[in-house]
Amino acid sequence: MREATDEGCHYYRMSKNERRFLQSRESRDTFQTPNSPLHLSNRAHVLLLLNRPLAALTDADHAVRLRPDWGKGHYRRGIALSALGRHEEALYALCISVAIDKNPQAVRYELTKVLHRVLSPGVRRQNVLSSRTPYSLTKAMSRTRNHHQLMNPKRCRRLALNRSDCEDNSSDEEGFTQSINRRLRSSILPQINTKVQANLDRVYQHIEKLKRVEPRPAEILLPPLSGGTAGELDCILCCRLLWKPVTTPCGHTYCWMCLDRCLDYSSACPLCVTSLADYLASSQKTVTDFVERALKTVAPAEYTSRAVSHQLELVQGLGLLGNEQIAVFICTTAFPCVACPLFVYEPRYRLMVRRCVESGMRQFGIAACLNKEATGTKRYAEYGTVLDIRDRVLLKDGCSILSTVGGRRFRVLSGGEKDGYDTAQIEFLRDTVVQEDQLLNLLELHDKVRAKARRWWDTVPTSQKFEIQRVFGRMPDTEEDWPRLPDGPSWAWWLIAILPLGPQLQVGILGTTSLEKRLRAIEKTLDHVEQRQPTVAAAPSEQTATSSSICSDRRAITETAMSVVQQS
């Protein structure tokens, strides 16, 4: 009890600065951050207030070594050097601080004081030595004269009356002193100018070195991650370390992707159920910079591991095209080189699209839904197309409108599921290579079918043409090397997309690898359309996510074309 009382009295007798220094040492021991430039800078300031400039200089030097591009560290070093009387080095450090921060007003007072001490000592010393005798003699004569005036005023009045008005009262000694000082200044100033110029040259050289130094983030004084504090940095949704932390207006912090997945189902905060509709509409969701920097500081290894696991989840969730595995969007049939606009509103597909965009892959598969009552691969078509995302418009409610274009065709080998959406093991398709003896017949068939397609397109009403071109674009031109392309000429797929064909026939044409069969199926369909002259329906809107038109006698056209496709 006695020892505790003595310690308390000693602490009470400490000055404010001494208490601050003691707290600084305690904080150092608590946080264990000997390599924190911010901590070293603050401790150097306290040591300087305690009149310990040498220790302050040690901490300031350490801070500058850790962060050479931090102006505050050079400022602390300059103040400590000035307190030690090393004014030229102090001037050099303060100039570097100004050059880094580009704010001379912050150190204007200290810089002026140090500059004065660098320039003035030589002049003052020379002036005092050269003018001490005449200045002392003049002051002595003045003091003697004043003393006599006080002791004998009558005599002083007589002297004043006898003195001429135009007489110069200044002594020759004052003129001599001024001339000597002018000569001394003229001989010293060139030396001072040379010294200042040398310091400035050093500053310029140092700044050029700093330009090549990679900027380092500001240090954060936080305790290291331990068992007791690890849970405080976990996301409440996934129970793992926060990654890309996002703070909502209600003050709760989650992982970016965890919050996205919750908002797919509800626009309320997962913890306090506060509405985040306005927050989503304003698109203000950004990573909380301070929390992310804190995580990287106190748990760098864990944060890096969390980032790696997130990338792994993206790859596993989307599938790897290199391994012929892909995420599948069950909706409609898309075709190579043909636009396929999609409106994505289901939570599972919103998650799939986000993963596509975040991973940079921007690809997924699409296949037609043929049996809604079935499960697994029996629910959708055996053949599909890889879609490339060209543009994405994110709506206020989290839904999105995708502008996609068809790529390679594929056949589903086996199916799977990931977080609610389908995945599939696939193999890519390409047309059978045309033999030389069959090439001439194929060229004639190609030209005939294309001419027939142009004639039919000219009969389509203008309003329907506009709607079709708005969704699918204009009919592509014929490629020069179309017989050698893996999917044949692109205009054929564009025509298949707008012809009134049923889902089964579209899938059948998509799966055939014979260009000749595909052209003959198009020819039969055009012949049937010309005979019946049906009315082509308007192209669907983006929200329906349907890429085929419908006509009144689709069944008859489908049966006719299907027989052509199935011929061996």
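**A chat about cores, salt bridges and the RING-type span**

Guide: Of the 568 residues of the chain, 39% count as buried, where buried means under 20% relative accessible area, exposed means over 50% and partly exposed lies in between, with a 1.4 Å probe and protein chains only. This is a predicted model, in which local features need pLDDT of at least 70 and side-chain atom pairs count only at pLDDT 80 or more, while totals for chains, interfaces and linings use all residues. Residues are numbered from 1 along each chain as its sequence is written, and side-chain values use heavy atoms, with hydrogens and water left out.

Visitor: Which residues touch the most other members in the largest nonpolar core?

Guide: They are Trp456, Phe472, Trp491, Trp494, Leu495, Ile498 and Ile522, in a core of 33 residues; such a core is a set of buried Ala, Val, Leu, Ile, Met, Phe, Trp, Tyr and Cys residues joined through side-chain atoms within 4.5 Å.

Visitor: And which helix gives the most to this core?

Guide: Helix 17 does, with 8 residues; helices (H or I, at least four residues) and strands (E, at least two) are DSSP runs, numbered from the N terminus.

Visitor: What is Trp494 in contact with, leaving aside its neighbours within four places in sequence?

Guide: Its contacts, meaning heavy atoms within 4.5 Å, include Val338, Trp457, Ile468, Phe472 and Pro476.

Visitor: Switching to charges, how many salt bridges are there?

Guide: The count comes to 22, a salt bridge being a side-chain nitrogen of Lys or Arg within 4 Å of a carboxyl oxygen of Asp or Glu. In one of them the side chains of Glu523 and Lys452 meet at 3.6 Å, N to O, and this pair links distant parts of the chain, with Glu523 in helix 19 and Lys452 in helix 15, 71 residues apart.

Visitor: Is Glu523 buried or exposed?

Guide: Glu523 counts as buried, at 11% relative accessibility, and Lys452 is buried too, with a relative accessible area of 10%.

Visitor: What about Glu427 and Arg411?

Guide: Their side chains meet in a salt bridge at 3.3 Å, N to O. Glu427 lies in strand 8 and Arg411 in strand 7, so the pair ties together parts that are 16 residues apart in sequence.

Visitor: Last topic: where is the RING-type domain?

Guide: The unreviewed UniProt entry places that annotation at residues 235-272, in the numbering used here, and such annotations may be inferred rather than shown by experiment. The end C-alpha atoms of this span lie 15 Å apart, and the span is 21% helix and 16% strand.
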